[in-house]
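Biologist: I would like to learn how to read a model of this kind, beginning with the whole chain and then turning to single elements. Could you take me through it step by step?

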Amino acid sequence: MAVPSRNSSALPSPSILKYYLYKSTKAVEFYRPIMYLFFLAQGLTFTQIAILEAVYNLTTLLGEIPTGYIGDRVGRRNSLLIGTVLISLTLLGIGLSSSFWALTALYVCWSTGYNFRSGSEDAWLYDTLTDDLSEDEFAHVRGRGESVSLAIGAGAAIIGGYLGSIDLSYPWFVAATVTAIGVFVLLTIDEPETYEQADTTGLSFRRTLSMIRRTVSQRNIRAFVLYYYVLYAAVTYLVFVFLQPIFETVVLDFGVSQTQVKSLLGWFYAAYSLFGAGLSYYTGAIRDRLGLRMWFLGLPFVVGGALVGMYFVPALALPTFLLVRGLSDVTRSFASQYINDRIETMGRATVLSAMAMVSGLAVVPFQLGSGIISDIVTPLFALAVAGVILIISSTGILLWETPIERGPS
């Protein structure tokens, strides 16, 4: 089946332009270069950091379906507003915190904020594109949105690295301010007509759960959920957790002074973001050339092999981190396109939130296990173990059931 050509000269609609502007306020790159160094500076151990991440994901587990349901009932925009306000206040609180227990409480709030945004963001975009009969462009537009976010994040990472070298709290304060700008952007957007025309008054919570069960019971979707949302997403999440201590170890071995590590992390995250932005910008073209099937079938073996390889050659850690970063957002866009194409507007935000919930549950044992292994051995060894698990488990799933059905998707 031929893929329809895109009119690259056509300007995006006002709604899509506002979507790009909203994506530019996500602000994560300000604190990301120093995030785990900040926690270590507060006296936390790797195990405590892993517990924080586990608390985040357990909150995701408990909150995704209820917040997705709220998004389906009160509107995608209102759900995004609630989430953005929560995230902004949480970032401010983290910058002011210095104890494990305070950070634990804030992690609950942080996860809840992202719960409100996770399913509703993609649901809003897909329904908005459906209004224009262009839902096939979802991966393309979402990829461009991620590209905008990452490109702006490149500069934010450099700023965050330098701010962190002055005070590790400053990047959190700046991130909170920029995230708050997203509230004002969201106030200017409208709900998609596709959503407004759907009758959500009869959408009970029980009916929503039934929709999730029907979706996950579909043959290819259940294998895909295990393959991507459970296994691949859980393993690659660990890369982002351990990037900073591994980066510090590698560059110190190269003779870099300790005082330069934080600013170098900012520059590395800038390169990291720009690489991801470049790949995300061409998400649609990648889909047209390779197809979702080929992309997903090869992905876990490339990433798993890289994680194992960098244990034996630590210098490979830096290009491996760039690789995983570049693949991350493209893969997330493809996964969301694949699920969106197989569900209806009614309950869309809840089903997408359920996928995030599955990831949140799956990553908990990986986080706790990797935290303990890192304290006993090293973070490099923990990621190598995760790479082996990714390769072996992906092979098992493929032998059981193909996760991506054949076809134009």
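Biologist: What percentage of the residues of the protein count as buried?

Modeller: Bear in mind that this is a predicted model. Of its 409 residues, 57% count as buried, and the accessible surface comes to about 16,400 Å², with 66% of that area belonging to carbon and sulfur atoms.

Biologist: How many helices and how many strands are there in the protein?

Modeller: The protein has 16 helices and 0 strands. Among contacts between residues at least 6 apart in sequence, 88% join residues at least 24 apart.

Biologist: Is Ala176 buried or exposed?

Modeller: Buried means under 20% relative accessible area. Ala176, which lies in helix 8 (residues 170-186), has a relative accessibility of 6% and therefore counts as buried.

Biologist: Which residues is Ala176 in contact with, leaving aside its neighbours within four places in sequence?

Modeller: With those neighbours set aside, Ala176 is in contact with Ser88, Leu91 and Leu92. The C-alpha atoms of Ala176 and Ile87 are separated by 7.6 Å, although these two residues are 89 residues apart along the chain.

Key. Residues are numbered from 1 along each chain as its sequence is written. This is a predicted model: local features need pLDDT of at least 70, side-chain atom pairs count only at pLDDT 80 or more; totals for chains, interfaces and linings use all residues. Side-chain values use heavy atoms; hydrogens and water are left out. Helices (H or I, at least four residues) and strands (E, at least two) are DSSP runs, numbered from the N terminus. Buried means under 20% relative accessible area, exposed over 50%, partly exposed in between (1.4 Å probe, protein chains only). Contact means heavy atoms within 4.5 Å. Accessible areas come from the Shrake-Rupley method with a 1.4 Å probe; for residues, only the protein chains shown count as cover.
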